[in-house]
Amino acid sequence: MKPIAITMSVPKKNRSNWGWGITGVYLVFVIGIMYLVWRTTREQQDLVTEDYYAQEIKYQDRIDASKRAAALSSPVRVELRDHSLHLAFPREFAGKTLTGEVLVYYPADSKKDVRVPVNVTDNAMDLKIDAANTGLHILQLSWLEGSTTYYQESDLDIPDRKSTRLNSS
């Protein structure tokens, strides 16, 4: 009778451990969240206006002024000519003294905003715009004739000296 050789193999140790996998996933998650927090603290956050809440309370006055401006014979005509903004007021204001403010508002960067007082000559006004100040702006025109206020807002796309587009809203 031949001897039977019995061999026993010892199972190999499983080196992968669920604990290491869970720890690795958790570390990647924490590092990712820390990176996102770091990136968001570096973003510039401009408010629409510094006194947002005070202006919100006066918003009904703006609505009324917009209705008065819409009731005029024509809106204020806005033309962009070689980075100069030309505003032509309706004929109702010919020879009258107007006061107010023109705001060319750039939503993405408050440093590009242009704010000037209304200075009307011959029922029109010209406003210089910096050549580097390109992109979509919001033209907010607020003026006062006597004791009556008017408000008009338009989207204004200031191109890189190629074309001009103006959308009244």
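**Notes on the strands, core and salt bridges**

1. Strands here are DSSP runs of E with at least two residues, helices are runs of H or I with at least four, and both are numbered from the N terminus. S1 and S2 pair in the antiparallel sense over five bridges, where pairing takes at least two DSSP bridges between two strands.

2. Some ground rules. This is a predicted model, so to speak of local features pLDDT has to be at least 70, and side-chain atom pairs count only at pLDDT 80 or more, while totals for chains, interfaces and linings use all residues. Residues are numbered from 1 along each chain as its sequence is written, and side-chain values use heavy atoms, with hydrogens and water left out.

3. The overall layout: the protein chain has three helices and eight strands, in the order α-α-α-β-β-β-β-β-β-β-β from the N terminus on. Of the contacts with a separation of 6 or more, 53% are between residues 24 or more positions apart; contact means heavy atoms within 4.5 Å. Buried residues make up 27% of the 169 in the chain (buried is under 20% relative accessible area, exposed is over 50%, partly exposed is in between, with a 1.4 Å probe and protein chains only).

4. Back to the sheet. Three strands form an open sheet ordered S1-S2-S5, with antiparallel pairing. S1 and S5 are at the edges with a single partner strand each, so one side of each has no neighbour in the sheet. From one strand to the next, the twist averages 20° (axes are lines fitted to C-alpha atoms, for helices over the stretch in contact, and angles run from 0 to 180 degrees between N-to-C directions).

5. Is Ser84 buried or exposed? It is buried, at a relative accessible area of 13%, and its place is in strand S2. Beyond its neighbours within four places in sequence, Ser84 touches Glu79, Asp126, Leu127, Lys128 and Ile129.

6. Now the largest nonpolar core, which has 23 residues; Leu85, Leu87, Phe89, Val102 and Trp143 have the most contacts inside it. Strands S1 (77–81), S2 (84–88), S3 (98–105), S5 (124–128), S6 (135–145) and S7 (148–158) each supply at least two of its residues. By nonpolar core I mean a set of buried Ala, Val, Leu, Ile, Met, Phe, Trp, Tyr and Cys residues joined through side-chain atoms within 4.5 Å. Leaving aside neighbours within four places in sequence, Phe89 contacts Val76, Leu98, Val118, Val120, Asn123, Met125, Leu141 and Trp143.

7. How many salt bridges are there? The count is three, taking a salt bridge as a side-chain nitrogen of Lys or Arg within 4 Å of a carboxyl oxygen of Asp or Glu. Glu79 bridges to Arg77 with the closest N and O atoms 3.1 Å apart, and Arg81 meets Glu79 at 2.9 Å, N to O. Relative accessibility is 27% for Glu79, which is partly exposed, and 47% for Arg77, also partly exposed.

8. There is also a bridge between Glu101 and Arg115, at 3.0 Å between the closest N and O atoms. Glu101 lies in strand S3 and Arg115 in strand S4 (residues 114–117), so the pair ties together parts 14 residues apart in sequence.
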